Amino acid sequence: MAGATTSGALSDADFDRFVEYFYKRTGIHFSSGKRYFVDKRIETCVRNSRYDTFASWFAALRMNDKDMLQELINQLTVNETYFLREDYQFDAMLSTVLPNVLAARGGVNRIVGPVKILSLPCSTGEEPYSIALRLLEEWEHIDHVDVEIHGADIDSDVLAKAAHASYGERSLQRVPKAWVNKYFAPVGAGRYQVDEGIRSAVTLHRMNVCDTAEMRRFRDFDVIFCRNVLIYFDELSSRRAAENLYGALRPGGYLFLGHSESMSRISPIFTPTRLPEGIVYQRPTGAK
């Protein structure tokens with residue numbers, strides 16, 4: 001690549017220019033410690049493009065080529081997940097959060113509109129489908145209360161995989177065998193596909209949590225799972241994401257973060273609530 005060193009890596013100046021551009025477009029910041037990862041992903045993007053050099057590829061990217069930007073995002077985002085990951089938070093959703101949501105909205109027989117749950121980022125779909133499975137198997141009100149489950153991610157490739165919902169042994173390692181037999185169908189090569197009824201119950205969206213204009217499409221969610229993503233943002237992007245998540249929740253709605261994440265280090269706008277299973281963050285009741 002022109003603009004690269006003899007080892008194939010970007011020059012320091014090109015790396016800095018690229019990092020600044022990507023941060024402005026996505027809110028995601030790469031430190032110098034991520035040089036090897038970024039260099040390799042950019043190298044792949046240039047090789048897959050019609051451009052011969054980093055300079056010409058980067059110039060085209062900056063001309064607002066949306067397809068090039070999406071491919072770049074798909075290369076640079078991390079999508080490591082599996083079914084029922086950190087499921088103590090699903091326990092909290094079932095034992096405390098959803099009963100509180102129903103009580104706040106008038107009870108099982110008087111609630112108006114669906115209970116809305118968002119998984120963001122949803123990656124290849126394991127999280128929103130895990131939520132659906134836990135509700136189907138363990139929530140006593142699932143036959144009486146309308147529930148909407150939404151999944152969103154910035155990466156269009158993982159959304160396509162989430163829509164297909166075909167998973168291998170590693171993704172399914174924590175799913176009880178009886179659930180696999182009940183809700184999945186073998187599709188060959190050791191993979192199993194989530195049944196159509198559950199797939200159709202999850203609505204998928206392409207969304208950047210740092211993009212305030214995009215996030216205005218999301219409103220009135222009762223529960224949001226936004227786990228293990230804020231750790232990739234700097235202070236400014238984390239605060240913007242927190243404000244966008246706040247706007248997406250109903251007053252009194254609940255936000256679950258990853259086990260290593262803390263909203264108290266990002267923004268004071270949420271109220272931390274300690275549950276037996278851990279901390280969850282609430283949009284204050286009565287907040288506008």
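1. The C-alpha centres of domain 1 and domain 2 are 30 Å apart in this predicted model. The assignment places domain 1 at 12–76 and domain 2 at 87–283, with bounds taken from an automatic or database domain assignment.

2. Contact joins 9 residues of domain 1 to 12 residues of domain 2, where contact means heavy atoms within 4.5 Å. Together the two domains bury about 850 Å², of which 44% is on carbon and sulfur atoms; buried area is the accessible area (1.4 Å probe) that two parts lose on being put together, summed over both. Tyr23, Gln70 and Asn74 supply 46% of the area that domain 1 buries against domain 2, more than any other three residues.

3. Between the domains there are 0 salt bridges (a side-chain nitrogen of Lys or Arg within 4 Å of a carboxyl oxygen of Asp or Glu).

4. In the largest nonpolar core, which has 50 residues, Phe18, Trp57, Leu72 and Leu255 touch the most other members. Such a core is a set of buried Ala, Val, Leu, Ile, Met, Phe, Trp, Tyr and Cys residues joined through side-chain atoms within 4.5 Å; buried means under 20% relative accessible area (1.4 Å probe, protein chains only). Domain 1 and domain 2 both contribute residues, so this core lies between them.

5. Beyond its neighbours within four places in sequence, Trp57 is in contact with residues including Phe18, Met68 and Leu72.

6. Residues are numbered from 1 along each chain as its sequence is written, and side-chain values use heavy atoms, without hydrogens or water. Local features need pLDDT of at least 70 and side-chain atom pairs pLDDT 80 or more, whereas totals for chains, interfaces and linings use all residues.
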